[in-house]
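Reader: I would like to go through this structure step by step. Please take my questions in turn.

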Amino acid sequence: MQTKGINHLALVCRDMAETVKFYTEALGMPLVKTVGLPDGGQHFFFDCGGESLLAFFWWPDTPPQAPGVASVKHFPSEPKTAVGSMNHVAFHLDEGELEASVARLQAAGVEVSVPMVVNHDDSPMGVAAAVHEGVWVRSVYFRDPNGIMLEFAAVLRDFTAADVAHAPARAVGAAMGARVTTTG
């Protein structure tokens, strides 16, 4: 079996009308399918490019959001979320469009995380103040009206075998949230 990519990612929103407005107007993603659910909820799909969809569920009795548990509390100072949660959604964007995306988001009233464009590299800090040959992706981070952290990501180079340089970490102990160590 070989998957062919992501069909859709399904998230939960607090207000479908607000969510439709944000994704269609601020991000320019067409609403392509709507479903009325038998329990009174809704399931709407947006075309986010590359033959992929971003979907949202809405129910009148959805539990409230839980920042720091099910969503990022604050980026970049508190980026962790709970096991099994979704941390953020990243959309491909051409590097030449990053600065314009910041302006478009701000014009739509969307707060963009500082620094506006993050240069990710393989240094111990994982970020660089300026673009250099070691920067592998540049990103813009922001939130939707539901508190979901989103990212526009421009990958600058192809990955090679050298990009897989860390042993996977293992949890120590049986309790959730246990201390993690790395092997190797």
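Reader: What percentage of the residues of the chain count as buried?

Author: The model is a predicted one. A residue counts as buried when its relative accessible area is under 20%. The chain has 184 residues, and the part of them that counts as buried is 31%.

Reader: How many helices and how many strands are there in the chain?

Author: Along the sequence, the elements follow the pattern β-α-β-β-β-β-α-β-β-β-β-β-β. Counted by type, the chain has two helices and eleven strands.

Reader: Which element gives the most residues to the largest nonpolar core?

Author: The largest nonpolar core has 28 residues, and Y23, L27, F56, V140, F142, L150 and F152 touch the most other members. Elements giving two or more residues to this core include α2 (98–107), β8 (137–143), β9 (149–155) and α1 (16–26). The top contribution is five residues, and it comes from α1.

Reader: Which residues does F152 touch, leaving out residues up to four places away in sequence?

Author: F152 is among the residues that touch the most other members of the largest core. With residues up to four places away in sequence set aside, its partners are L27, F91, L93, L98, S101, L105, R138, S139, V140 and F142.

Reader: Is D144 buried or exposed?

Author: D144 sits in the loop between β8 and β9. Buried means a relative accessible area under 20%. The value for D144 is 5%, so this residue is buried.

Reader: Which residues is D144 in contact with, leaving aside its neighbours within four places in sequence?

Author: Contact here means heavy atoms within 4.5 Å. Once the neighbours within four places in sequence are set aside, the contacts of D144 are F22, Y23, F56 and L150.

Reader: How far apart in space are D144 and H88, C-alpha to C-alpha?

Author: In sequence, D144 and H88 are 56 residues apart. In space, C-alpha to C-alpha, the distance between D144 and H88 is 11 Å.

Note on methods: Residues are numbered from 1 along each chain as its sequence is written. This is a predicted model: local features need pLDDT of at least 70, side-chain atom pairs count only at pLDDT 80 or more; totals for chains, interfaces and linings use all residues. Side-chain values use heavy atoms; hydrogens and water are left out. A nonpolar core is a set of buried Ala, Val, Leu, Ile, Met, Phe, Trp, Tyr and Cys residues joined through side-chain atoms within 4.5 Å. Buried means under 20% relative accessible area, exposed over 50%, partly exposed in between (1.4 Å probe, protein chains only). Helices (H or I, at least four residues) and strands (E, at least two) are DSSP runs, numbered from the N terminus.
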